[in-house]
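Student: Please take one part of this structure and go through it closely. Give each cut-off once, where the term comes up.

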Amino acid sequence: MLLLLPLFFKGLLCHGESAEAPQVLGPHHPAAEEPPSFRVLQTVSFANSSWTHTDGSGWLGELQTHVWDSVSHTFLFLRPWSRGNFSKEELKSIQAVLQLYFHDFPRVVQSFSRQFQFEYPFEAQVSAGCLIHPGKPLEAFLYAAYQGSDFLSFQGNSWKPSPGAGSRAQNVCRVLSRYRVIKEVVQSLLDDICPRFLAGLLKAGKSDLERQVKPEAWVSSGPAPGPGRLLLVCHISGFHPKPVWAMWMRGEQEQPGTRRGDVLPQADGTWYLRVTLDVAAGEAAGLSCRVRHSSLGGHDIIIHWGGYSILLTVACLTVICLAVIVTLVILVIADLSSKKQSSNQNVLSARVSHPAFPTRTDTQDPKSSGHQLSLAWEPWIKNRLLKKLKASLKQLW
């Protein structure tokens, strides 16, 4: 196993995971940009002494750039620029190393499982990479976990067991520390190759990484937390880059009970966030959800709770107005039709009795069907439509 460790850590430069905790933002401060980083993750599941499964992935910040295909035993580039500035020869060499490592490493671990007291089934994880803080030295890291708990790390030029990992981790670190070549290889990979690869990715993927996509926001109610209470939910979707600030507000005052969920990736490369607030039903009025993002040019999105009620009132008013307009059109057409029919009848009568001198007839014949129709609609318009329209206007204002 120890002879394969240099290959193991070299392989780590090509697959990884973002395991960031949910971002916590201070009052009135927009989300801060995260420092550029490249990290890798390998997860190996050991079911028993004969069955294992390996997963690997690589991440530039929060964007996945690489994945290891365990079926074809090849390294897949998920972005057109995932090769960075590495040459074809360098990538080919890394691919060969990874194929050897992924094939042999699980077998070697199994052969040493008794010495290191690994109990089946178990899972091992390694996360390694580097990040750049503006104006500060490069920060490189390597962490290993056993059964989901911190196990050991590589700091400076030495292996250190994690606090609380016990004698098992101390034993592994003691064995690893005997091999100076392993430490030299790890330091070279983390301090030299990783920064060069990170710089190449940032340059090649600049247009994709720096794109700005404005968020969409809306509010809804969630499951009631209890009697007489409301769960206000603010949804923020489709934004890029990832850093975002969102808070439930009352005027300019932030609501301390606001709870922020994880920022989740979406299939199109954008992000989604859910922010909630538990309030008494009578205290929801006047609250709003405020969103800040770099794509908005300094202008916040503000969604007022209950805004949808106004939209519903406007919709209802629109329907009522359309009904009034349609009714008036029908009345006008009917009235014009009745006048035309009456006029035609009068002209015909005049021509029959007095062809040269037509007589005046009353066009407002109460027996006209159009006039009867208008008389039938008139009370309904006055008593029903106008009252509803007046009530809707009061509700809207």
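Tutor: Two disulfides (cysteine sulfur atoms within 2.5 Å) are present in the structure. The model is predicted: local features need pLDDT of at least 70, side-chain atom pairs need 80 or more, and totals for chains, interfaces and linings use all residues. Numbering starts from 1 along each chain as its sequence is written, and side-chain values use heavy atoms, without hydrogens and water.

One of the disulfides is formed by C130 and C194, with the sulfur atoms 2.1 Å apart. The angle about the S-S bond of C130 and C194 is -90°, a left-handed link. C130 sits in strand β5 (residues 122–131) and C194 in helix α4 (residues 180–204), so-called distant parts of the chain, 64 residues apart. Helices (H or I, at least four residues) and strands (E, at least two) are DSSP runs, numbered from the N terminus. C130 has a relative accessible area of 0% and is buried, a label for values under 20%, with exposed over 50% and partly exposed in between (1.4 Å probe, protein chains only). C194 is also counted as buried, at 1%.

The other link joins C234 to C289, S to S 2.0 Å. This disulfide is left-handed because the torsion about the S-S bond of C234 and C289 is about -80°. C234 belongs to strand β10 (residues 229–239) and C289 to strand β16 (residues 287–292), so the pair ties together parts that are 55 residues apart in sequence. C234 is buried at 0% relative accessible area, and C289 is buried at 0% as well. Counting bonded cysteines along the chain, the disulfide pattern is 1-2, 3-4. Elsewhere, C173 is buried too, at 4% relative accessibility.

Strand β16, which carries C289, belongs to an open sheet of four strands in the order β12-β11-β16-β17, with antiparallel pairing. β12 (253–254) and β17 (301–304) each have a single partner strand and stand at the edges, so one side of each has no neighbour in the sheet. Strand pairing requires at least two bridges found by DSSP. β12 runs antiparallel to strand β11 (residues 245–250), and two bridges join them; R250 has Q253 in β12 as its bridge partner.

Strand β6 (residues 139–146) pairs with strand β7 (residues 149–155) in the antiparallel sense over four bridges, and Y143 stands opposite S153 in β7. The two strands β6 and β7 form a hairpin with two residues between them, and Q147 in the turn has a positive phi of about 55°. β7 also pairs with strand β8 (residues 158–161), antiparallel and over four bridges. There, L152 stands opposite P161 in β8. β7 and β8 form a hairpin with two residues between them, and its turn includes G156 with a positive phi of about 70°.

As for confidence, the chain averages a pLDDT (the predictor's confidence in each residue, from 0 to 100) of 77, and 69% of the residues score at least 70. pLDDT stays under 50 over residues 308–320, where the model has 13 contacts (heavy atoms within 4.5 Å) beyond four places in sequence. Residues 347–374 also stay under 50, with 21 contacts beyond four places in sequence. Where pLDDT is low, the predicted coordinates should not be read in detail.
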